[in-house]
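Dear colleague,

Here is the structure I promised to pass on. My notes on it follow below the files.

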Amino acid sequence: MAERLYVSTRKGLLVYARDAKTWKHHATHFLGAPVSIVLPSADNQTVFCALNLGHFGAKLHRSTDGGVTWTELEPPKYPKVETSDAAEKEKAPAVAQLWSMAWAGPDKPGALWAGTTPGLFYSKDLGATWELNEGLWNMPERARWFGGGTIDPALHAICVDPRNSNRVAVAVSCGGVTVTEDGGKTWRVAGKGLRAEFMPPDQQFDPVIQDVHMLAQSPSHPQMWWVQHHNGIFVCTDDLQSWDEITTAPISHFGFPVAVHPKDGNTAWFVPAKKDEHRYPVDGNMVVNRTRDGGKTFETLRRGLPQGQCFDLVYRHGLAVDETGDHLAMGSTTGGLWTSPNGGDDWMLLTAHLAPIYAVRFA
Amino acid sequence: MVKVHFTSHLRHVAPSDPVEAAGATVADVLTDVFARHPAVRGYVLDDQDRIRLHIAVFVDGTHVRKDILAAPVTPASEVYVLQALSGG
């Protein structure tokens with residue numbers, strides 16, 4: 001059972017520890033620094049913490065003693081573009097933020113992936129060195145990706161298939177879903193059926209430009225995938241061959257996160273919000289939508305969540321479920337942090353006073 | 001020797017006292033500094049060895065706004081590597 005809850009905020013990394021009834025504050029790291037993403041090991045001994053220092057760029061720190069001490073690592077960097085052309089030099093890529101991190105699989109100890117803006121990087125040595133994944137970077141379709149909410153496209157989701165660690169799917173906003181079957185050498189676009197209502201009518205089903213807000217694979221039924229998209233919820237039941245749009249979710253189809261039950265691919269949680277230029281809970285009421293039947297029906301869960309005059313938005317990494325499927329955590333843009341011990345039926349406010357929360361994660 | 005001062009925001013990676021460095025341009029003196037203080041490099045330069053967008057460099061009291069790395073310095077110059085101000 002997860003013993004830690006990691007909360008990445010605009011002003012530092014807060015770690016909570018499980019006790020008999022709730023989660024208690026355990027430690028704060030990098031106080032004052034924006035923490036974009038955290039990747040802990042299952043035993044909580046090795047922890048990666050990515051900072052987005054703005055003026056000073058994306059930084060990466062690693063602890064191998066459960067957060068007692070930290071070592072700053074060289075973060076992923078694009079290869080240097082050697083050119084005398086000033087315009088080309090100016091356009092050459094630089095990592096602006098680490099958006100996502102994932103372990104590369106149990107058969108690849110010490111290896112991990114990192115998603116940036118928008119390059120995907122791989123490390124074989126626990127983050128000591130990084131290589132740009134050239135297969136994805138050189139995929140012709142990448143030229144049509146574009147930023148969604150950020151200037152550059154963001155590679156924010158990395159799903160390493162539990163059946164085969166050489167099979168990795170990534171999601172980009174706005175670049176749809178792309179999957180490799182050979183450990184990153186070759187990639188194919190896997191977005192048939194995704195629909196982008198923000199595009200001209202004849203391009204709405206173009207799989208390459210979809211604004212996937214979050215992608216999640218069912219651990220127990222890995223042929224089943226979920227997407228919270230800019231304009232809807234989509235489910236895939238045929239292992240990344242095609243997507244079906246779910247139109248039954250109440251309140252709103254707009255939102256950022258999706259979390260999938262670890263033991264039931266038909267159960268998933270979403271946090272709806274008023275689209276799209278507004279981005280706050282519909283009518284000021286914070287709710288969570290849960291489906292238990294693959295999207296045919298939804299329950300709207302609100303016990304313990306603020307109702308009325310509420311502006312808490314939950315970002316794409318701001319919702320997490322533990323390995324039991326019972327415990328959920330949710331953090332908001334206005335610094336509210338909630339947990340649920342019963343699959344979202346009831347929510348307990350842990351604190352309402354954190355800095356804006358970018359990500360929550362159990363380990 | 002050129003004197004190079006770093007913003008106090010970089011105290012955890014940069015020396016607190018001015019660093020003496022040699023060179024005829026900002027690029028030269030920063031290269032000299034980074035050779036002795038490698039941890040500073042990634043805070044000042046990006047992946048392509050460009051000055052980061054929100055870093056401000058002053059040479060002898062003048063805010064260098066274009067072609068920062070090519071800006072000339074003399075042995076008597078003072079270079080300040082500062083953080084452009086922003087909120088948050």
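Read along its sequence, chain B runs β-β-α-α-β-β-β, which makes two helices and five strands. Please keep in mind throughout that this is a predicted model. Of the 88 residues in chain B, 45% are buried. Among the contacts in chain B with a separation of 6 or more, 48% are between residues 24 or more positions apart.

The interface between the chains

On the side of chain B, 20 residues are in contact with chain A, and 21 residues of chain A take part in return. About 1,600 Å² is buried between the two chains, with carbon and sulfur atoms giving 45% of that area. Which three residues supply more of the area that chain B buries against chain A than any other three? They are B:Tyr43, B:Asp47 and B:Gln48, with 44% of it.

The count of salt bridges between chain B and chain A is one. A:Lys80 and B:Asp49 form it, with their closest N and O atoms 2.9 Å apart. By residue class, the side of chain B that touches chain A divides into six nonpolar, nine polar and five charged residues. Polar contacts across this interface come to 14 residue pairs, counting pairs with both residues at pLDDT 80 or more.

Two positions in chain A

A:Thr178 is in strand S14, which covers residues 176-180 of chain A. Is A:Thr178 buried or exposed? Its relative accessible area is 1%, so A:Thr178 is buried. Apart from neighbours within four places in sequence, A:Thr178 is in contact with A:Leu136, A:Met139, A:Trp145, A:Val168, A:Ala169, A:Val170, A:Trp187, A:Arg188, A:Val189 and A:Ala190.

A:His230 sits in a loop of chain A, between strand S17 (225-229) and strand S18 (232-236). A:His230 counts as buried because its relative accessibility is 11%, under the 20% cut-off. Setting aside residues up to four places away in sequence, A:His230 touches A:Phe198, A:Asp211, A:His213, A:Phe254, A:Asp276 and A:Arg279. With one of these, A:Asp276, the side chain of A:His230 makes a polar contact of 3.0 Å.

Salt bridges

Over all chains, the count comes to 22 salt bridges.

A:Asp322 and A:Arg18 form a salt bridge in which the closest N and O atoms are 3.8 Å apart. This pair links distant parts of the chain, 304 residues apart: A:Asp322 is in the loop between strand S24 (319-321) and strand S25 (328-331), and A:Arg18 is in strand S2 (residues 12-18). A:Asp322 is buried, at 3% relative accessible area. A:Arg18 also counts as buried, with 18% relative accessibility.

The side chains of A:Asp19 and A:Lys24 meet in another salt bridge, at 2.9 Å from N to O. How accessible are these two residues? A:Asp19 counts as partly exposed at 30% relative accessibility, and A:Lys24 is partly exposed as well, at 48% relative accessible area.

A:Asp161 and A:Arg167 are joined by a salt bridge of 3.0 Å, N to O, and both residues are buried. Both also belong to a network of salt bridges, in which A:Asp161, A:Arg163, A:Arg167, A:Glu181 and A:Asp239 are linked.

Regards

Methods:
Residues numbered from 1 in each chain as written. Chains lettered and ligands numbered in written order. Predicted model: local features only at pLDDT ≥ 70, side-chain atom pairs only at ≥ 80, totals over all residues. Heavy atoms only, no water. Contact = heavy atoms within 4.5 Å. Buried area = accessible area lost by both parts, 1.4 Å probe. Salt bridge = Lys/Arg side-chain N within 4 Å of Asp/Glu carboxyl O. Polar contact = N/O pair within 3.5 Å; in protein donor to acceptor, adjacent residues only side chain to side chain. Nonpolar A, V, L, I, M, F, W, Y, C, P; charged D, E, K, R; others polar. Helix = DSSP H or I, 4+ residues; strand = E, 2+ residues; numbered from the N terminus. Buried < 20%, exposed > 50% of the residue type's maximum accessible area, 1.4 Å probe, protein only.
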